[in-house]
Amino acid sequence: MSEQFQELNVADFFYKNKDLVGFDSPHKATYMIVRELVENSLDACDGHKILPDVRVTLSKVEGAGTEERYHIKIVDNGIGVPLEAVPFAFGKVLFGSKYSMRQNRGTFGLGGKMSLLYGQITANSRITITTSQGGGKIYTFEISTDIRTNTPVIHRREEADNKSHFRGVKIEFDFEGDYGKARDKIIEYFYETAMVLPYAQLTFIDPNGSLLFYPRITQKMPNPPLETLPHPHGVDLEMLKRMIMVNPHTSLQVFLSKNFQRVGERTARAFLRSNGFDPHVEVSELNTKQLTKLVTALREYPDFLPPDPSCLSPIGDELLKEGIRRLLSPEHIVVTTRPPRAYEGNPFIVEVGIAYGGAIAPPDKPGKVQLYRFANKIPLLYDEYSDVAMSVIQSINWNQYKIKLDEVPLAFITHVCSTKVPYKTAGKEYVAARPEVEKELELAIKQAARELRVRLSKMEKAEYKERRTEVLRKYLSMMASFSTFLAEKNKEPNIDALFKEGIIKKHRKAELVEDSSSGDLVDETKSEDDKAEGGESESEE
Amino acid sequence: MEKRPDRSVYARKALKDLGTSIYNQLDVAKFPEVMIPSRQTNNIYYDPKLEQYVLGSKRVVRSADNIKHVKPLAQLLWVARIGKELIDYDRVSTLRDLFYMSKNIDINFVTQQESDEAVYDLEALLSMPRESFNIFPHDRGAIFGDLTVRYRVKGFKDSLINLTDNPDGVNIGPALDNAELVKTTADKVIAIEKGAIFIQMIREKVHEKFNAILIDTTGQASRSARLLIRRLNEELGLPVYILTDCDVWGAHISMVIISGSVNSAHITGLNTPSAKWLGFWPTDINRYKVPTMKMKELDWKRLAELKADPRYKEKFWKEQLDAFERLGLKAELEAFSSKNKSVSQTFLVETYIPDKLKELGAI
């Protein structure tokens, strides 16, 4: 398998299978283009501890063919792209050659490149890229991709003084789309992104000239994820072959200890011995059969330590709360972060928030759940009821928390971050029910629900106390009046003294017996039909 | 002979005491409470000495600082207030009437059941029937005979009335309930289960023939009727005889007059322990050979209930219940008409009643 063939195949593959990655209709493509570009920009910022400022302008290109044509411009303040990398970063569809693990929104930026490709295919548009890493120069490229050969074609290249000290990337191109139908999803996308990124500033100007603006509300941001080597439990044959291609002439033992996390020389030796591999064999000499055996052994060997979670970047309790508070304005927020766990060598962390009351409305129909799902800080907007988070919420017995799911104003926020989020589809719309992830979601939601119950109980107690005082006061003032009349006094006793702090006792247990006058003794009111009137009835008609 | 004073005097005092107790508790910034005898079945006992059901020693505390109690307690006091007003203005009311009256104050009786309960609680708390504070059942039952009474009702005060004045008898109502029983020439009381026979007996001058005061109980005697019977017995010293159909229901009408009812266990002084069931006994069936009917399923069920009741443990009553069980028959008082020689000479009056009065040693 030659590398050339591989690359050509990738560009061609995406071109022919655009529906698989979510570009299956003009309006879906519009949404995907905005989303993929925003996500690349955000990765270029918060992945490098830069507070993101991302601006998107979408405008209509008039009189250009039968389909609606749009011009998109996105500007970020990320780290920018080095001059020499620009043509390949934007003009060639490729897999990265470096195998490392780190939480990212996109996997290898494929979605972003698909967006550019889509513009080129539908609108015959070249891509204009302006970038600087903050140095003295600013570069502008006009490029396209030769789809057959999967190579970048540079049409124009300019260099200028970076007078405004710009750092980041600006991308512009045209595409055919349908904003009218995509509008709601795009707005929802920005809204939900702002929920988990209170430290980002997001600006969107739509083709109608409407401005959507989410200012930055905090300077705090989570630590960016660190790059780590892959964990041996997550390896597959394809990946192993590629890694060998990069390091063909090392011994198996050295190869393992250099290319995988949690594998030192000693661990590698122990692993190879227990699985009957020769530690000194050169990796390029292993045949496919041996490699398959190696993959199985790596995945199943029980003595590797769990994956290193430093490659993850959860949102964190505080930022999650701030984001939720800003956009949902609830009365109560509880958030839970679970400790890192792993599935198949991929570390993941589950974060959950439950927001209650305030501006949140109760469900408008039974069975409806207000759920905001995120994976690696990306909002998931489609197929909500197929998502594992939804099935977990629906499977929990909410009576246990005295919460009537169909009546109470609740919103759930779930975030799964991982080096490899277990999406069910290529379109990244919902998270699959992996048992490990499902269990963590369940634990997180239950933990949050318990905390919410405690909060609600406190609130209910306060309300109860207030209501109780109101009821007591009402009836006691009646008693004051009645007893004054019965006792033939002139002045009513003052009941205010009863309601001074500290006098109201707790609910008393002094009831000697429950009062009820129903009896199981001979009932005097029963009577034969013709004597019905003769019953010793004490009720009067 | 013991004269009973105007019982509204007692009632007014009891209501004032209750009000004062609540007032004083409120006045010292204490959440008021009362202790009401429990009317629950596990607190109802048969008292062989009083020969009636009574409440045991269990008490229910109703405290105003208990959110569950504060409303019933206020309701109880509201009933007390109405009771005092009824006495003060010499008005009468009924349970139903009271329920409707509650609608113009935010006292929240949801059903009449609830306001009835408040009345029963007040009865139990004061150990007084509600008639004492002028809450009456609809008139049921009538009285006829040479009895002179003095009413205490406004507008009729001090007027003496003889109860032979009305040929249909006089309703046993609120006025009679609290009237002073002044004098009588009668030497016994005959209570009759059926209104038609009561009227028939007046026409046949049974009151004169047997020197008796006649009372129509109209089935189970109302509490007013039972109270009146008790007073005739207690205040005027008249023995009481009860005439009913020959069935388990008739037996129990007698029993309630004699030993009281479970429902009224919280009130003493309504029963007449010395009263006697004059007839028609099941043991009389074979003696008089009148038409009978077979006991129905309901009769058998009732018989089983009565056999388990402590009030029927006495030898006489056991024998009567056993007779029902043995014969499986029942008969009505009207069955004696099958033996009448003419409409003016009824077997019931000419033969049966004198036979039975003799048997019980009344004449």
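Which residues of strand S4 (residues 59-63) of chain B are on its covered face, and which are on the uncovered one? Val60(B) and Arg62(B) make up the covered face, while Arg59(B), Val61(B) and Ser63(B) make up the uncovered one. In a regular strand, side chains alternate between the two faces of the sheet.

## Model and confidence

Please keep in mind that this is a predicted model. Chain A has a mean pLDDT of 84, with 86% of its residues at 70 or more. Where pLDDT is low, the predicted coordinates should not be read in detail.

## The eight-stranded sheet of chain A

Chain A holds an open sheet of eight strands, ordered S5-S4-S3-S6-S2-S1-S7-S8, with mixed pairing. At its edges are strand S5 (151-161) and strand S8 (211-214), each of which pairs on one side only. From one strand to the next, the twist averages 15 degrees.

S6(A) is mostly covered, with seven of its ten residues buried. Strand S2 (residues 69-75) of chain A pairs with S6(A) in the antiparallel sense over seven bridges. Among the bridge partners, Arg69(A) goes with Glu176(A) and Ile72(A) with Phe173(A). Strand S3 (residues 127-133) of chain A also pairs with S6(A) in the antiparallel sense, over six bridges, and here Ile129(A) stands opposite Ile171(A).

Helix H2 of chain A lies across strand S1 (53-61), S2 and S6 of that chain, and runs at about 170 degrees to S6(A).

## Nonpolar cores

The largest nonpolar core has 94 residues, and Ile354(A) and Ala448(A) touch the most other members. Helix H2 (residues 26-46) of chain A gives the most to this core, with ten residues. Both domain 1 (3-214) and domain 3 (312-456) of chain A supply at least three residues to this core.

Which residues does Ile354(A) contact, leaving aside its neighbours within four places in sequence? They are Val334(A), Leu410(A), Phe412(A), Ala448(A), Ala449(A) and Leu452(A). A second, separate core has 67 residues, including Leu214(B), Ala221(B), Leu278(B) and Trp281(B).

## Strands of chain B

Back at the strand from the opening question, strand S1 (residues 33-37) of chain B pairs with S4(B) in the antiparallel sense over five bridges. One of the bridges joins Met35(B) to Val61(B), and Val61(B) belongs to the uncovered face of S4(B).

Chain B also has an open sheet of six strands in the order S8-S5-S11-S10-S12-S13, with mixed pairing. Its edge strands are strand S8 (170-171) and strand S13 (276-279), each pairing on one side only. Strand S10 (residues 188-192) and strand S12 (residues 240-243) of chain B pair in the parallel sense over four bridges, with Ala191(B) opposite Ile242(B). Helix H6 (residues 195-203) of chain B packs on this sheet, where H6(B) touches strand S5 (142-144), S10 and strand S11 (212-216). The direction of H6(B) makes about 155 degrees with that of S11(B).

Terms used: Residues numbered from 1 in each chain as written. Chains lettered and ligands numbered in written order. Predicted model: local features only at pLDDT ≥ 70, side-chain atom pairs only at ≥ 80, totals over all residues. Core = buried A, V, L, I, M, F, W, Y, C linked by C-beta atoms within 7 Å. Buried ≥ 20, exposed ≤ 12 C-beta atoms within 10 Å, placed from the backbone. Helix = DSSP H or I, 4+ residues; strand = E, 2+ residues; numbered from the N terminus. Domains from an automatic or database assignment. Contact = placed C-beta atoms within 7 Å. Pairing = 2+ DSSP bridges. Axes fitted to C-alpha atoms, helices over the stretch in contact; angles between N-to-C directions. pLDDT = per-residue confidence, 0-100.
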